[in-house]
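Visitor: Please show me the model, and let me ask about it piece by piece.

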Amino acid sequence: MKTLIQLTVNGELVEAAVDANRTLVQFLREDLELTGTKHGCGLGDCGACTVLLDGKPVNSCLVLAVQANGRSVLTIEGLAENGKLHPIQQAFVDKGAIQCGFCTPGMILSAKALLDTNTKPTEIEIRTAISGNLCRCTGYQKIVQAIQTAAEEMTAKEGS
Amino acid sequence: MRDFQVLGARAPRLDAPAKSTGQAKYADDLTMPGMLYGAILQSPIAHGKILNIDASKARKLKGVRAVVTAREAGLVKYGVSPARYDETLYCHEKVRYVGDEIAAVAAVDLETALEAVELIKVDYEELPAVLDMFEAMKEGAPQLHDEFPGNVTAEVHQEFGETEPLMAQCDLVVDHTFLSKRQDGAFIEPHSCLAVFDLQGKLTLHTSTQVPHYVMRTVAMVLRIPVGDVRVVKPYVGGGFGPKSEATPLEMSACLLSKVTGKPVKMNYTREQVFLHSRARHQFYAEMSLGVKKDGTLVALKNKAVLDGGAYTSFGIATVYYSGSLLGGPYRLQAMKYDGWRAYTNKPACGAQRGHGGVAHRACFEQLLDKAADQLGIDPVEMRLKNVMVAGQTTINELDMSSLGMKECIEAVRNGSDWKNKKGKLPRGKGIGSACGFFVSGAGYPIYRSDTYHSTVVIKVAEDGGTVTVLTGSAEIGQGSDTMLAMIAAETLGIPLECVRVFSGDTEYSVDLGAYSSRQTLMTGHAAKEAAENVRRQIAEVLSVHMGRDVDDITFRNGNVLFRGGPGNFEKLRQGYIKEHRGWTDPPGGDYFTFREAARLAFLEKGTLVGTGKYKPPRLGGAYKGAAVGTSPAYGCSAQVVEVSVDLETGQVSVDNMTDAHDCGLAINLTSVEGQMQGSLSMGLGECLFEEVKFDSRGRIINASLGEYKIPTALDMPNVKSIVVESNEPNGPYGAKEVGEGAIMPTIPAILNAIYDATGVRINELPVTAERLYMAMKENQKKP
């Protein structure tokens, strides 16, 4: 028995028939081939599968595809516009915040959710916002610096 | 005087845009038409005889395409070191740990494969299991392998100098014991692979590995196919840290199932299976005595090790040797005695992990050094400075410190942490500690005995001369090796970094032993440099004829050609290029003849320009048994100062500040060097404070998830003051050496020494949970 769902993914309307037990991460990765969302544990522990659901970060392995019905999903593929990196992505590139890159999509989306609501976060606010995204490579320091840089960049842009 | 155009900069990684946008493909992102899904049946018991395997129901399940057991796979023994091949792909007589592989299934989808696995019926005769390394070595303990009675995988007995007589002459002998816990690699990407046989019977395996070369060889050996018919391709890898340094049953199962079914087969480990496969850090027990003179001179060290190896050897022989050999430096010693044993237990096999074999023993030793300093009334940093080796010295176990900025690192962290104003001056509950360490820049010998090159590199120039391609089998696993190689190629050829592309991680490109033992910067870097020099020479030779100049007069810089440092009279050649390259939209201009024009000229004369480079270390080390382990062409070294706060009511530790200095020779890419340093500290902090793979009484892991097994989060890691200390390593390409592992060495002891400073309690068991420290503080209060 499949259920028909209708949702927005990266700004585009998507309709699909999905099994009731299909998780959002499976739906994104396997059905929509949006493999930028990573699958690290399937238990909501690592945060690699973080996407934004109506602007809020969720572990897409803990959300069923049917729960996304009528809602809006942003994945890492939807962040760059017209081939231009989003300021958070650019800051991750510039500041050396990326090593193996497996946590990066989820990390960037958690950062986006933070900066969308808090344009001048403190370091502890940044660290708290990404505390559900595990990274084994970097020790987090350059990630925190990248998010700080992105925040400044985005504020400056809005001011101009 | 260094005058680099590309090296020593902060280059953005070549792969960062792909990784920041989700375009980077990892193994589990790959699919193929008609692809099947595989799953593995693993033992539910820790030790038992297999009486019967009945897969008939599984084979009959709709959607199942193949079921394979030892009968189909054969019984070829494999492992990491040929001296201890003690594994077969599937168990046939016995299972030796919860998770031991028994069979594998390929089906049309994962759900069906998992259902089929459930339908395989195995009859066991359960045997008593041994889960503790000390128990395992006792008389009468359950035996894991008939070939290795006493459950000892390997033992080491080494002595350099006259330990006992020198100990007897010391003014002070301090002792310490230390017990670490089994760590998990906890890379965020679980192992994943996709295997496919083509119609010529040739195999391609896409897999999340650190070592395409070794995987290729093991797969070929176990599945009995010619090694030339196996191609291993490493897509982007989501971290490795050591445990992805050997061929896995996952990879071999996918290959076998693809062979049997004629279809591509995808297989993944779940997170729980990552813990079950393990091959991560051993549990170590260390027992040490250090003899010193009144003035703080270190004299003699006695070191004993017991390692819990789990059910198979994996890297274990090297591991148990490293626990001894990596204490030969960075301090001068007059004598050192080492006895080590690695025990088999009925648990997942342990292997290599960042700082292979050296981390726990370094942690014990550096505490001992502090203990001695404390009793002698000497500042521990000054005591370290007094004893450090310098470049050009050889350790007592014959490791050649061809460059060693140890003293500079210690001074850098002393000054950078304001040590002098803090040590002995902090209030109770606050503490500061220091430690040092060093590590190899690539193992001196391959894992299998061989005269092979450790790295070869191919460099090709595009027909128009504008783009240079580096082809290498080396493994970018997140550390930044692709960017490092591009930088070395660009520097050597005198072209901008943007003109270089890197294709790596494919056994078809070149021979490279892979990303382990922090070897790629030095070894693959050497091969890349030589390949680029080869290409450069070919171009210069053609150019010298056309220009009528001596070949030695020709140099390349920033994409330009210089003739004795000047532009030379190249107009005729440029006109020729423009004429010959008619219709091209970007004619060369500028005041200098360009690399692109010169390379085109060479192409027209010689065809596609290809240069190759190669590297293997010279014969290294002493002549004693086991002398190979610990040898390297060069050694990186690290010093750290850590400040902690301890809640004296609860025992909760928080790490407030970390100052880290590392000597990596020339820092090819400063940003990546700092990234390796900070990541190392994070892994060390986790092992010190939180991490422990725990088992129940029947050998089952009780915390096989990243929720229960805790690694540091962004809230646990402080900002690290990272100080890059550069030396000029004579054996490294452009003076470069390792940074990937040396930086983890001082972390645990620096934290433990800081905890001692804060509480007066010396911890001898990891992890330092609040409970453990609280109990230790309580015990300490009872002391008179």
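Questions and answers on the two chains follow.

Guide: This is a predicted model: local features need pLDDT of at least 70, side-chain atom pairs count only at pLDDT 80 or more, and totals for chains, interfaces and linings use all residues. Residues are numbered from 1 along each chain as its sequence is written, while chains are lettered from A and ligands numbered from 1 in the order in which they are written.

Visitor: How many helices and strands does chain B have?

Guide: Helices (H or I, at least four residues) and strands (E, at least two) are DSSP runs, numbered from the N terminus. For chain B the secondary structure comes to 21 helices and 25 strands.

Visitor: Why is chain B as compact as a globular protein of that length?

Guide: The globule rule is 2.2 Å times the number of residues to the power 0.38, and the radius of gyration is taken over C-alpha atoms. For 784 residues the rule gives 28 Å, and chain B is close to that, so it is as compact as a globular protein of that length; its radius of gyration is 28 Å.

Visitor: What percentage of chain B counts as buried?

Guide: A residue is buried if 20 or more other C-beta atoms, placed from the backbone, lie within 10 Å of its own. Of the 784 residues of chain B, the buried part is 62%.

Visitor: At what angle do α11(B) and α20(B) pack?

Guide: Axes are lines fitted to C-alpha atoms, for helices over the stretch in contact, and angles run from 0 to 180 degrees between N-to-C directions. Helix α11 (residues 359-376) and helix α20 (residues 747-759) of chain B have axes 8 Å apart, and the angle is about 35°.

Visitor: Which residues of α20(B) make that contact?

Guide: Contact means C-beta atoms, placed from the backbone, within 7 Å. α11(B) brings residues including B:Val359 and B:Asp370. From α20(B) come B:Ile748, B:Pro749, B:Leu752, B:Asn753 and B:Tyr756.

Visitor: Which element gives the largest share of the side of chain A that touches chain B?

Guide: 42 residues of chain A are in contact with 45 residues of chain B. On the chain A side, α2 (87-94), α3 (104-117), α4 (123-129) and α5 (141-159) each give two or more residues. The largest share, four residues, comes from α2(A).

Visitor: Which strands stand at the edges of the sheet in chain A?

Guide: Five strands form an open, mixed sheet in the order β2-β1-β5-β3-β4. Two strands pair if DSSP finds at least two bridges between them. Each edge strand has a single partner, so one side of each is left without a neighbour in the sheet; these are β2 (12-19) and β4 (56-59) of chain A.

Notes
A residue is buried if 20 or more other C-beta atoms lie within 10 Å of its own, exposed if 12 or fewer, and partly exposed in between; C-beta atoms are placed from the backbone. Two residues are in contact if their C-beta atoms, placed from the backbone, lie within 7 Å.
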